[in-house]
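This briefing looks at a few local features of the structure shown below, grouped by topic for a reader who wishes to follow them residue by residue.

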Amino acid sequence: GLVELMTTYNPPMFSGARITADGIDLVENFYEFNLRYPPAFGELDERLAEVPSLMERLVEEAELSALGGEYRRCLLRDVQYLRDELSRPAERWRGEVLRTVLGWIEGYFAGGAAEKPEAVAELRKALGDRLSQRGEPHG
């Protein structure tokens with residue numbers, strides 16, 4: 001119970017309602033409220049719908065890249081880190097983490113030793129303003 005109904009002597013009717021201490025705590029803590037009651041899928045940005053398929057494309061492109069040795073292992077580890085971050089609910093993505101990891105991934109291809117995966121630029125475009133947001137809960 002987050003809310004208590006005060007009933008009368010007529011069972012289907014109630015005379016009033018009041019919020020419980022648990023309800024007050026939940027309303028005052030935006031982070032906990034967002035975890036218990038996340039926004040409906042339709043409320044999220046439509047561009048985010050293509051993020052999972054772009055992420056899978058990035059995984060494939062990273063596995064097929066011409067990088068070798070330690071660079072390849074680090075690239076695949078960073079791609080997995082990005083994948084783990086994007087597997088969280090979209091309202092809990094941390095923009096600074098997404099920016100940083102995408103920068104790491106692009107860094108492996110800066111020297112021109114291998115061709116940069118196309119999915120990186122498309123992911124940046126799809127994530128758009130999410131990359132500039134902080135990881136704070138919405139209220």
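In this predicted model, a polar atom of the Ser65 side chain lies 3.0 Å from the backbone oxygen of Ala62.

**Ser65 and its surroundings**
- Ser65 is placed in the loop between α3 and α4, the latter spanning residues 69-86.
- Because its relative accessibility is 12%, which falls under the 20% cut-off, Ser65 counts as buried.
- When neighbours within four places in sequence are set aside, Ser65 is in contact with Arg72, Leu75 and Phe109.

**The pairing of α3 and α6**
- Helix α3 (residues 51-63) and helix α6 (residues 118-127) have axes that come within 9 Å and cross at roughly 160°; since this angle is over 145 degrees, α3 is roughly antiparallel to α6.
- The crossing in which α3 passes α6 is left-handed.
- On the α3 side the contact is made by Val51, Leu54, Met55, Arg57, Leu58 and Glu61, and on the α6 side by Glu118, Ala119, Val120, Glu122, Leu123, Ala126 and Leu127.

**Lys125 on α6**
- Lys125 belongs to helix α6, and because its relative accessibility of 67% is over 50%, Lys125 counts as exposed.
- Although Lys125 and Val51 are 74 residues apart along the chain, their C-alpha atoms are separated by 9.9 Å.

Notes
Residues are numbered from 1 along each chain as its sequence is written. This is a predicted model: local features need pLDDT of at least 70, side-chain atom pairs count only at pLDDT 80 or more; totals for chains, interfaces and linings use all residues. Side-chain values use heavy atoms; hydrogens and water are left out. Axes are lines fitted to C-alpha atoms, for helices over the stretch in contact, and angles run from 0 to 180 degrees between N-to-C directions. Helices (H or I, at least four residues) and strands (E, at least two) are DSSP runs, numbered from the N terminus. Angles under 35 degrees count as roughly parallel, over 145 as roughly antiparallel, 65 to 115 as roughly perpendicular and the rest as oblique. A crossing is left-handed if the near helix is turned anticlockwise from the far one by less than a right angle, and right-handed if clockwise. Contact means heavy atoms within 4.5 Å. Buried means under 20% relative accessible area, exposed over 50%, partly exposed in between (1.4 Å probe, protein chains only). A polar contact is a pair of N or O atoms within 3.5 Å; within protein, one must be able to donate a hydrogen and the other to accept it, and residues adjacent in sequence count only if both atoms are side-chain atoms.
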